[in-house]
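Take a look at the model below. This briefing walks through a sheet and a few residues.

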Amino acid sequence: VNGWPVKDGDGNPLFISDQDSYCVYNDSNSTNGIIGLEVIQTGYAFGVKFVRNIIFYKFQIVNKSPNALSGLYFNLYTDCDIGNISGGDPEYLDDRIGFDKSKNLVYFHDDGISREWPDGKTGLMGVKFLKTPLINGNEAGITDMHYVIYDDDEIADKDTILYGLMS
């Protein structure tokens, strides 16, 4: 109804990349209690050569409740299967994860070889936080990193256990 939701100071639609995306979601359907958080997520993808394999996401977390919140954790969950093609050979057993705290970077890689890709080579995928919340005037950065092996259903399917790991 209102057109593209990202606007400049004059109310005109504002596009930053070759392919912008936008969504808003909240915890209104939570079965564990509603906190009143809203997340505004904007994505940016560019076609120019030096960033064509990068997607930038901006997350704005808004407290819509009348309560001040403390001890709040932000978690980014990602499930990367490097080298897999949907419906193809399960190629995830050689996947590895790395964490460089000094660069706020988590990255996923494998042995670099897959029969299913045209040149036989796989890539890697990384998640980097370009900006993080300030604590005492300093950016917090990634404060911790955990992984869960999905085959472990005792952990992967229980929110209370995953929340414990995140917090």
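Where is the place of N75? N75 sits in the loop between β3 and β4 (96–100). This is a predicted model: local features need pLDDT of at least 70, side-chain atom pairs count only at pLDDT 80 or more, and totals for chains, interfaces and linings use all residues. Residues are numbered from 1 along each chain as its sequence is written, and side-chain values use heavy atoms, with hydrogens and water left out.

**The sheet**

- Three strands, in the order β1-β2-β3, form an open sheet with antiparallel pairing. Strands here are DSSP runs of E with at least two residues, numbered from the N terminus.
- β1 and β3 (55–63) are the edge strands, and each pairs on one side only. Two strands pair if DSSP finds at least two bridges between them.
- From one strand to the next, the twist averages 15 degrees. Axes are lines fitted to C-alpha atoms, and angles run from 0 to 180 degrees between N-to-C directions.
- β1 and β2 run antiparallel and are joined by eight bridges.
- D20 has Y44 in β2 as its bridge partner.
- In general, strands of a sheet pair through backbone hydrogen bonds, either parallel or antiparallel.

**D27, in a loop**

- D27 lies between β1 (19–26) and β2 (37–45), in the loop.
- D27 is buried but has no salt bridge. Buried means under 20% relative accessible area, exposed over 50%, and partly exposed in between (1.4 Å probe, protein chains only). A salt bridge needs a side-chain nitrogen of Lys or Arg within 4 Å of a carboxyl oxygen of Asp or Glu.
- Lys and Arg count as positive, Asp and Glu as negative; His and the chain ends are not counted.
- A polar atom of the D27 side chain lies 2.6 Å from the backbone nitrogen of I35.
- D27 touches G33, I34, I35, G36 and L37, leaving out residues up to four places away in sequence. Contact means heavy atoms within 4.5 Å.

**V39, in a strand**

- V39 belongs to strand β2.
- V39 counts as buried because its relative accessible area is 14%.
- Beyond its neighbours within four places in sequence, V39 contacts C23, V24, Y25, F59, Q60 and I61.
- V39 and F59 are 20 residues apart along the chain, with their C-alpha atoms separated by 6.5 Å.

**Back to N75**

- N75 counts as partly exposed because its relative accessibility is 39%.
- N75 and I142 are 67 residues apart in sequence, and 9.7 Å apart in space, C-alpha to C-alpha.

Key
Helix = DSSP H or I, 4+ residues; strand = E, 2+ residues; numbered from the N terminus. Polar contact = N/O pair within 3.5 Å; in protein donor to acceptor, adjacent residues only side chain to side chain.
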